[in-house]
Amino acid sequence: MSDIGDWFKSIPFITRWWFAGSVAIPLVGKLGLISPMYLVLWPEFFFSKFQIWRPVTSALYFPVGPGTGFLYLVNLYFLYQYSSRLETGAFDGRPADYIFMLLFNWICIVITGLIMDMQLLMIPLIMSVLYVWAQLNRDMIVSFWFGTRFKACYLPWVILGFNYIIGGSFVNELIGNLVGHLYFFLMFKYPMDLGGRSFLSTPQFLYRYFPSRRGGVSGFGVPPPSRRPAAPEQGGLGGGRHNWGQGFRLGDD
């Protein structure tokens, strides 16, 4: 148990509590302590009955069962893996900027979920973070199934296509990729590469609660290595060898 505790404490702060919430909320639903019906995103209950917790719980809840357990564990692994890499890499020492990225992606996904009547938002949020990591490390070589190797910038789309082949679903992954691209374009590509104005900046109140630990450009992480004539910020980080499964709505097995 001490080894598990030490491992949990070693997870970066923001990723640690996101990971903990993504374990606790599905467990609460699985044990029946709270009905899963209260944890998913339903527009009519959110708007008419003011159940304002649903956008939060729907981003953490996943219906774990015999047919979905492996998919849940795979996505939990990628949450841990790629959120940790972003928090200790591009956003190292800037927790406010990382929290702002998560909030921006979450808000975009919640709005999309309300429009498209999506009940579960866990996979899109994780995919949006993975997409940002893939773009910030776009020239890094990652590995996939059967020893295939390619640049990290293709990883989100390879997973989307692979998931569609084996499961016939790609909507959750696609939404996550598009939201991740929106953040990446507005925060990095447009102002840094195209010389446009900055549309996104971290609110000052986040810096008051989560001050930066070392110098940096507020509101920005590290630009993609391929966009600047410099070596990649770090190497040796391979991609996952696990399979993304398809997205599920409440009640699927």
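Which residues does UniProt list for "transmembrane region"?

**View 1. The stretches from the UniProt record.** The unreviewed entry lists residues 17–39, 59–80, 101–134 and 154–186. UniProt positions follow the numbering used here, feature names are shortened, and annotations may be inferred rather than shown by experiment. Residues are numbered from 1 along each chain as its sequence is written. What you're looking at is a predicted model, where local features need pLDDT of at least 70, side-chain atom pairs count only at pLDDT 80 or more, and totals for chains, interfaces and linings use all residues, while side-chain values use heavy atoms, leaving out hydrogens and water.

**View 2. Two of those spans up close.** Residues 59–80 are 64% helix and 0% strand, with end C-alpha atoms 15 Å apart. Residues 101–134 are 85% helix and 0% strand, and their end C-alpha atoms also sit 15 Å apart. Helices (H or I, at least four residues) and strands (E, at least two) are DSSP runs, numbered from the N terminus.

View 3. The whole structure holds 18 aromatic pairs. Phe8 and Trp17 make an edge-to-face one, 6.1 Å centre to centre with 90° between the planes. Rings of Phe, Tyr and Trp (its six-membered ring) pair if their centres lie within 6.5 Å; planes under 30 degrees apart are stacked, over 60 edge-to-face, and the rest tilted. Phe8 is partly exposed at 26% relative accessibility.

**View 4. Phe184 and Phe188 in helix α9.** This pair is tilted, at 5.7 Å and 35°. Both lie in helix α9 (residues 171–193), four residues apart, about one turn. Phe184 is buried at 2%, and so is Phe188 at 1%. Buried means under 20% relative accessible area, exposed over 50%, partly exposed in between (1.4 Å probe, protein chains only).
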